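Thanks for coming, everyone. I have one structure to walk through today. Please bring it up on your screens.

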Amino acid sequence: MEPPLAWTLQDLPSLKNKRIVITGGNSGIGFDTARVCAEKGAELVLACRNLGKADEAAQKIRQLLPKASVTTMALDLSRQKSIRDFAKRFIADYKSLDVLVNNAGIMMPPYELTEDGFESQFGVNHLGHFALTGLLLPVLEAAPSARIVNISSLAHRFGDMNFENPMFEGGVGYSRTKAYGRSKLANLLFTFELKKRLAERGSNVMAVTAHPGLAATNLSRYLETYFFVRWAMPLVQCFIQSADMGALPTLRALGDPGVESGDYFGPDGFRQQRGYPRRVGSSKLSRDPQISSRLWTLSENLTGIRYLGMDSPRVSA
Ligand SMILES: NC(=O)c1ccc[n+]([C@@H]2O[C@H](COP(=O)([O-])OP(=O)(O)OC[C@H]3O[C@@H](n4cnc5c(N)ncnc54)[C@H](OP(=O)(O)O)[C@@H]3O)[C@@H](O)[C@H]2O)c1
């Protein structure tokens, strides 16, 4: 049951003694999520591709909250090697992890490939987080009741899963919108399949998901090459919600004690574009167990990552 009133930061309990990793924690929704988690007493690790920006963000949080515990670690989700290096270092430095927020993302770049030859949006937004989560599962399971929070989008509804050509091979038929939609659909399919597999193995870890509606962040950077977007963006930013409002669904997913594995949170306002977080529905495609299971196999094959206790032998970073 949803609470009768809007869910606000007053409803977020203390996060003291919680260790939280936020991918892309230096910008936009990731940054606001990090700031609030620090306010609530969490120990934070900002996992970012640019350590300079990550350190600036950590410094900003420390200026606001001198007692905040924030560290930064390099993680480039477009490079499987960087993901493995991050996991290896994290596991060496920390025994357990309470919350992994798979927040980092790119939206609608021109067709390009990651270092490992993946279409960049599928590679960063989905495969990067798939690999990271699998590698960190042992430390998540070492926490008393951990959560994995995957950040999806309203745009998942533009996406489909074409298993014959999941990554627009050679750029043929590439559409920035379709590829973004596919990567965000993959975030949901991954969450629901992960929920099922975690439950089957009797794991204490929950898989949950959230979307921010429409929030003013740096996400539109690749669209600013279009004159119209550059011209319209300041106007658009007046109508969409702030990044701190956009962070609320993530914060509810990671910290509300009433959350259950498989929950999906988004804003409660007009067409889920703005407002306070509530449980929301997702497309029929995102709930198709055959598609989510196929995506899992594809993701294992592409990344070479097998999840602890889920069909395959233990992975070491
Ligand atoms: N803003 C919205 O309206 C909206 C709507 C729906 C969903 N979302 C989702 O919300 C999430 C956060 O986006 P945002 O709106 O806060 O955008 P943002 O301000 O652009 O933040 C994105 C973050 O992801 C990081 N990132 C990008 N590529 C990466 C890589 N290869 N490795 C590691 N980190 C990488 C960025 O790092 P740099 O700063 O170094 O570039 C940045 O920290 C995304 O998953 C996005 O799809 C946002």
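One definition before we start: a residue is called buried when its relative accessible area is under 20%. Keep in mind that this is a predicted model.

Take Tyr307. Its relative accessibility is 0%, so Tyr307 counts as buried. Phe130 is buried as well, with a relative accessible area of 0%.

Now to aromatic rings. How many aromatic pairs does a search of the whole structure find? The search finds nine. One of them joins Phe130 and Tyr307. A pair of aromatic rings is described by the distance of the centres and the angle of the planes. For Phe130 and Tyr307 the centres are 5.0 Å apart, and the planes make an angle of 45°. That pair is tilted.

Where do the two partners sit? Phe130 is in helix 4, residues 120–141, and Tyr307 is in the segment after helix 9, which spans 289–303. The two parts are 177 residues apart in sequence, so this pair ties them together. There is a cluster here too: Phe130 and Tyr307 belong to one aromatic cluster with Phe190 and Trp296.

Over Phe192 sits the charged end of Arg287, 4.0 Å from the ring centre. Over the face of Phe31 lies Lys60, at 4.9 Å from the ring centre.

On to the ligand. How many residues surround the ligand? The number is 29, and the closest are Ser27, Arg49, Tyr180, Thr217 and Arg221. A side-chain N or O atom of Asn26 is 2.7 Å from an oxygen atom of the ligand. For the side chain of Tyr180, the distance to a ligand oxygen is 2.7 Å. For the side chain of Lys184, it is 2.9 Å. How much of the ligand is covered? On its own the ligand has 900 Å² of accessible area, and the protein covers 96% of that. Helix 1, residues 28–39, and helix 5, residues 176–200, are the elements that give two or more residues to the shell around the ligand.

Stay with helix 5 for a moment. Arg176 is found there. The side chain of Arg176 reaches the backbone oxygen of Met108 at 3.0 Å. Arg176 and Ala104 are 72 residues apart along the chain, and their C-alpha atoms are separated by 17 Å.

Next, helix 8. Eight of its eight residues are buried, so helix 8 is largely enclosed by the rest of the structure. The buried residues include Leu248, Arg252 and Gly255.

Asp256 comes next, in the loop between helix 8 and strand 7, residues 264–267. Is Asp256 buried or exposed? Asp256 is buried, at a relative accessible area of 10%. A polar atom of its side chain lies 2.7 Å from the backbone nitrogen of Gly258. Leaving aside neighbours within four places in sequence, Asp256 is in contact with Trp7, Leu12, Arg147 and Leu251.

Last stop: Thr114. It is found in the loop between strand 4, residues 99–102, and helix 4. Thr114 is buried, with a relative accessible area of 7%. Beyond its neighbours within four places in sequence, Thr114 is in contact with Ser78, Glu119, Ser120, Gly123 and Val124.

That is the tour. Questions, please.

Definitions and conventions. Residues are numbered from 1 along each chain as its sequence is written. This is a predicted model: local features need pLDDT of at least 70, side-chain atom pairs count only at pLDDT 80 or more; totals for chains, interfaces and linings use all residues. Side-chain values use heavy atoms; hydrogens and water are left out. Rings of Phe, Tyr and Trp (its six-membered ring) pair if their centres lie within 6.5 Å; planes under 30 degrees apart count as stacked, over 60 as edge-to-face and the rest as tilted. Helices (H or I, at least four residues) and strands (E, at least two) are DSSP runs, numbered from the N terminus. Buried means under 20% relative accessible area, exposed over 50%, partly exposed in between (1.4 Å probe, protein chains only). A charge sits over a ring if NZ of Lys or CZ of Arg is within 6 Å of the ring centre and within 35 degrees of the ring normal. A polar contact is a pair of N or O atoms within 3.5 Å; within protein, one must be able to donate a hydrogen and the other to accept it, and residues adjacent in sequence count only if both atoms are side-chain atoms. Contact means heavy atoms within 4.5 Å. A residue is near a molecule or strand if one of its heavy atoms lies within 4 Å of it. Accessible areas come from the Shrake-Rupley method with a 1.4 Å probe; for residues, only the protein chains shown count as cover.
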